[in-house]
Amino acid sequence: MSARTQRFVLFPLGKKRFALPAAEVSELSRPDELQTFPHTTHLLAGVLMRRGKIVPVLDVAQIVIGPNAPQRRFYLIANRRFERDVEWTAIPVTGECELTSAEVIAPTGKLPNYVTGLLSLDDEIVEVIDLNRLAATEAA
Amino acid sequence: MRSARTSRKPAVTQHDVILFSVNKTTFAIAAGAVDEIRNLDGLTPFQPSFAARLMKVKHTLVRENKDPDQTYFVVDSAAHLKLKSSTPGRLMVLRGVKAAVLVDAIDRMTQIAAVHPLPRAFSGDEHDWYRGLAVVDGRVIPVVNEHSFLSRGEVTVLNAQKQARAQGVGA
């Protein structure tokens, strides 16, 4: 593994896969009961109870795929940073995730600012996502 | 892979709360924040003159048998929480603020062990609406902030409108 190679978790949303740095991922969770209550924060679908914690659910598919994203089957539990705090965030995904090592390529062209890099795998280009930027994209 | 680290611990003391429902969602409110739970008798229609934020105020209440010199402004909780209109069946008169809240139903009184801070991912109006979240029988329930229904400033504005109308001044 070269010095520029990093570890990522690849997660599927419909026909595409996206990546998060492995250090930001805690676990893949089976479907839990989504609990909802009134709020006005964009992209948040509700919360899960996970290991005694209340975990917000960030439905990124609305942004990276669009409103017609297929049904999400699992939750990827990510560590989202808020200044000094780190908080679990559940990301609904449509299938199994995969751990991989790859070199990051700087994003090129007109990619959204939440794409912080690209992974060139065997037969696909995978976008590396920054959760905070993605959440801010919708709020802007 | 690593666990999340956070310094935001829940407050660990027993809290008496009242569970109530609005539009099929259950909420909790500190029992000490509620002075009285009553039916909808005795409400007088009231329409605030301006400020969209105050359109959630639908009635006034004067409790002739308890504090007849006080006017309580009645907030539609569904409008406050930006929910579809519901069918109120009970009124919670709040303590410490001249406001009462229309809710669909009162569920029960219970104790909660902790009020968990709202996760940081939530960044909207809910930070004003809720003190935090409680877990009751495995369900996550928002604990409402009783001061969010009407601020003292808003009560002052509403009182001024009410007095102006009583004196025949268009407000």
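Predicted model: local features only at pLDDT ≥ 70, side-chain atom pairs only at ≥ 80, totals over all residues.
Local features need pLDDT of at least 70 and side-chain atom pairs count only at pLDDT 80 or more, while totals for chains, interfaces and linings use all residues. Residues are numbered from 1 along each chain as its sequence is written, chains are lettered from A and ligands numbered from 1 in the order in which they are written, and side-chain values use heavy atoms, with hydrogens and water left out.

**Exercise 1. Describe the contact between chain B and chain A.**

Step 1. Count the residues, taking contact as heavy atoms within 4.5 Å. Chain B gives 30 residues and chain A gives 29 residues.

Step 2. Find the buried area, that is, the accessible area (1.4 Å probe) that two parts lose on being put together, summed over both. For chain B and chain A this is about 2600 Å², with 57% from carbon and sulfur atoms.

Step 3. Look for salt bridges (a side-chain nitrogen of Lys or Arg within 4 Å of a carboxyl oxygen of Asp or Glu). There are 3 salt bridges between chain B and chain A. In the pair Glu33(A) and Arg139(B), the closest N and O atoms are 2.7 Å apart.

Step 4. Search for polar contacts: pairs of N or O atoms within 3.5 Å, where within protein one must be able to donate a hydrogen and the other to accept it, and residues adjacent in sequence count only if both atoms are side-chain atoms. The interface holds 13 residue pairs in polar contact, both residues at pLDDT 80 or more.

Step 5. At least two residues each come from strand E2 (25–30), helix H2 (126–129), strand E10 (130–136) and strand E11 (139–144) of chain B.

**Exercise 2. In which order do the strands of the chain A barrel follow one another?**

Step 1. Apply the pairing rule: two strands pair if DSSP finds at least two bridges between them. In chain A, 5 strands close into a barrel with mixed pairing, in the order E1-E2-E10-E9-E8.

Step 2. Follow strand E9 (residues 115–120) of chain A. With strand E10 (residues 125–129) of chain A, E9(A) pairs in the antiparallel sense over 5 bridges, and the two form a hairpin with 4 residues between them. Leu118(A) has Glu127(A) as its bridge partner, and Gly117(A) stands opposite Val128(A).

Step 3. Turn to strand E8 (residues 98–105) of chain A, which is joined to E9(A) by 2 antiparallel bridges. Here Val104(A) is partnered by Leu119(A).

**Exercise 3. Which strands are the edges of the open sheet in chain B?**

Step 1. Write the order. The sheet has 6 strands, E3-E7-E8-E6-E5-E4, and mixed pairing.

Step 2. Pick the strands that pair on one side only: strand E3 (34–38) and strand E4 (43–45) of chain B.

Step 3. Check one pairing. E3(B) runs antiparallel to strand E7 (residues 90–94) of chain B, with 4 bridges, and Ile37(B) stands opposite Met92(B).

**Exercise 4. Why does the pair Arg72(A) and Asp59(A) tie together parts that are apart in sequence?**

Step 1. Identify the pair. It is a salt bridge whose closest N and O atoms are 2.5 Å apart.

Step 2. Locate both residues. Arg72(A) lies in the loop between helix H1 (61–64) and strand E6 (74–82) of chain A, and Asp59(A) in the loop between strand E5 (53–58) and H1, so the pair ties together parts 13 residues apart in sequence.
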